[in-house]
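Let us walk through this structure together, one part at a time. Have a look at the sequence and the 3D view, and then read on.

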Amino acid sequence: MKKLVVTLCFVLAACAQHGDILPPIDVAQPPVPTDFSVSTADYVTYHLSWDIVDPSSLVTEYRVYSLFPGYDPVLQGTTDTTAVEVNTQVQVLGISFCVSAVTVEHVEGRLACASAE
Amino acid sequence: MQIRRESNRESNKGRRSQVWLRPAAMALLLLFPTHALAVDSAFLRSLIVPGLGQAQQGHYTRSAVFAGAAVATGVGLFISQIYYREAANKLYAQKHIYASYQETLNDGGVVSIEDMEQTYKEMEASHNLAEDRLVWRNAFLVGFVTTYAINLVDVLVSKPYDPEHESRLSVEMTPAGVKVTKAFRF
């Protein structure tokens with residue numbers, strides 16, 4: 001009887017192999033760019049500028065994305081300054097831009113998005 | 001000469017293998033009453049299909065109960081196992097994705113904190129789902145094993161149905177009045 005119970009326990013353990021969840025990756029929360037603004041005069045050249053709450057928080061670069069409603073953001077490029085100019089070559093209406101900060105740990109923060117004023 | 005030696009060896013081997021059978025048979029005789037040996041055919045039937053041995057013994061109600069319980073728990077076990085595996089596979093895939101984030105960071109690649117947090121939330125949800133489904137799976141497994149075990153014990157201890165000893169409907173006149181008795185077979 002004891003052997004039967006032990007065997008049953010082994011069978012149960014063998015069939016239950018989903019294990020535990022992984023521990024969370026220990027990284028610092030990257031800051032989100034603030035006061036993000038997009039301006040344009042001709043809908044071809046867009047001027048993007050933003051601020052960061054804590055500039056000394058080990059942010060190494062910013063990622064700039066273009067965004068059309070209903071689509072995922074498309075990476076336009078990276079910069080280490082807090083202002084950038086994007087040229088779309090042709091007139092583009094209804095476009096938005098997003099920017100995110102990347103830390104030295106290579107972790108990208110949340111996006112801050114805005115459209116042309 | 002060689003052949004005789006071989007045959008002696010074979011017969012010794014056979015004798016040795018039969019030695020353990022005697023105490024085993026004695027133990028069986030002690031454990032189960034002698035009438036249990038007469039129902040070995042019913043035991044084998046119940047061993048293969050729960051309730052079949054009881055049907056052979058003439059206990060049809062018990063046979064239906066055991067067969068029904070075995071089918072219900074067996075089907076429940078099968079379905080709950082499928083659902084559990086589905087949740088476990090989903091969890092495994094999310095664990096794999098989450099582990100790949102750490103590898104990407106170690107290799108110098110950039111990982112979005114939103115992606116990491118989203119995957120972690122999904123991983124937690126999948127883990128909870130897998131735990132819940134495991135409880136159901138184990139409940140059905142225990143139910144199935146218990147039904148099967150009780151079915152075997154029942155077929156061993158119960159005697160074949162004897163219609164001569166069946167209690168039929170009886171009417172008895174007593175000083176208090178008429179007493180009607182009906183015994184039900186289970």
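The model scores ipTM 0.74 and pTM 0.65. For chain B the average pLDDT is 81, and 73% of its residues score at least 70. A word of care goes with such scores: where pLDDT is low, the predicted coordinates should not be read in detail.

Let us start with chain A. This chain has 117 residues, of which 17% are buried. Its secondary structure consists of 1 helix and 8 strands, and, read from the N terminus, the order is α-β-β-β-β-β-β-β-β. Among the contacts in chain A with a separation of 6 or more, 62% are between residues 24 or more positions apart.

In chain A, an open sheet of 3 strands is arranged in the order β1-β2-β5, with antiparallel pairing. The edges of the sheet are β1 (34-40) and β5 (83-87) of chain A; each has a single partner strand, so one side of each is left without a neighbour in the sheet. From one strand to the next, the twist averages 15°.

Now follow the pairings one by one. β1(A) and β2(A) run antiparallel and are joined by 5 bridges; in this pairing, S39(A) has H47(A) of β2(A) as its bridge partner. The two strands form a hairpin with 4 residues between them, and in the turn Y43(A) has a positive phi of about 60°. On to the next pair: strand β2 (residues 45-51) of chain A also pairs with β5(A) in the antiparallel sense, over 5 bridges. Here S49(A) stands opposite A83(A) in β5(A).

Two other residues of chain A deserve a glance at their backbone. D35(A) is not a glycine, yet its phi is positive, at about 50°. This residue sits in strand β1 of chain A. Is D35(A) buried or exposed? D35(A) counts as exposed because it has 12 C-beta neighbours inside 10 Å, and a residue is exposed with 12 or fewer. H106(A) is likewise not a glycine and has a positive phi of about 65°. You will find H106(A) in the loop between β6 (96-103) and β7 of chain A. With 16 other C-beta atoms within 10 Å, H106(A) is partly exposed.

Next comes chain B. Of its 186 residues, 20% count as buried. Here the count is 7 helices and 3 strands, running α-α-α-α-α-α-β-α-β-β from the N terminus on. In chain B, residues 24 or more positions apart account for 65% of the contacts with a separation of 6 or more.

How do the two chains meet? The contact takes 18 residues from chain A and 25 residues from chain B. On the chain B side, the elements that give two or more residues are α6 (60-106), β1 (111-112) and α7 (113-157). Which of these gives the most to the side of chain B that touches chain A? That is α7(B), with 12 residues. Sorted by class, this side of chain B has 16 nonpolar, 6 polar and 3 charged residues.

Strand β7 (residues 107-108) of chain A pairs with β1(B) in the parallel sense, over 2 bridges. In this pairing, E108(A) has S112(B) in β1(B) as its bridge partner.

Finally, let us look at the nonpolar cores. The largest has 13 residues, and those with the most contacts inside it are Y84(B), A87(B), A88(B), L91(B) and A130(B). Both α6 and α7 of chain B supply at least two residues of this core, and α6(B) gives the most, with 6 residues. A second, separate core has 11 residues, among them Y62(A), F97(A), C98(A) and V102(A).

Note on methods: Residues are numbered from 1 along each chain as its sequence is written. Chains are lettered from A and ligands numbered from 1 in the order in which they are written. This is a predicted model: local features need pLDDT of at least 70, side-chain atom pairs count only at pLDDT 80 or more; totals for chains, interfaces and linings use all residues. Two residues are in contact if their C-beta atoms, placed from the backbone, lie within 7 Å. Ala, Val, Leu, Ile, Met, Phe, Trp, Tyr, Cys and Pro count as nonpolar, Asp, Glu, Lys and Arg as charged, and the others, Gly among them, as polar. Two strands pair if DSSP finds at least two bridges between them. A nonpolar core is a set of buried Ala, Val, Leu, Ile, Met, Phe, Trp, Tyr and Cys residues joined through C-beta atoms within 7 Å. Axes are lines fitted to C-alpha atoms, for helices over the stretch in contact, and angles run from 0 to 180 degrees between N-to-C directions. pLDDT is the predictor's confidence in each residue, from 0 to 100.
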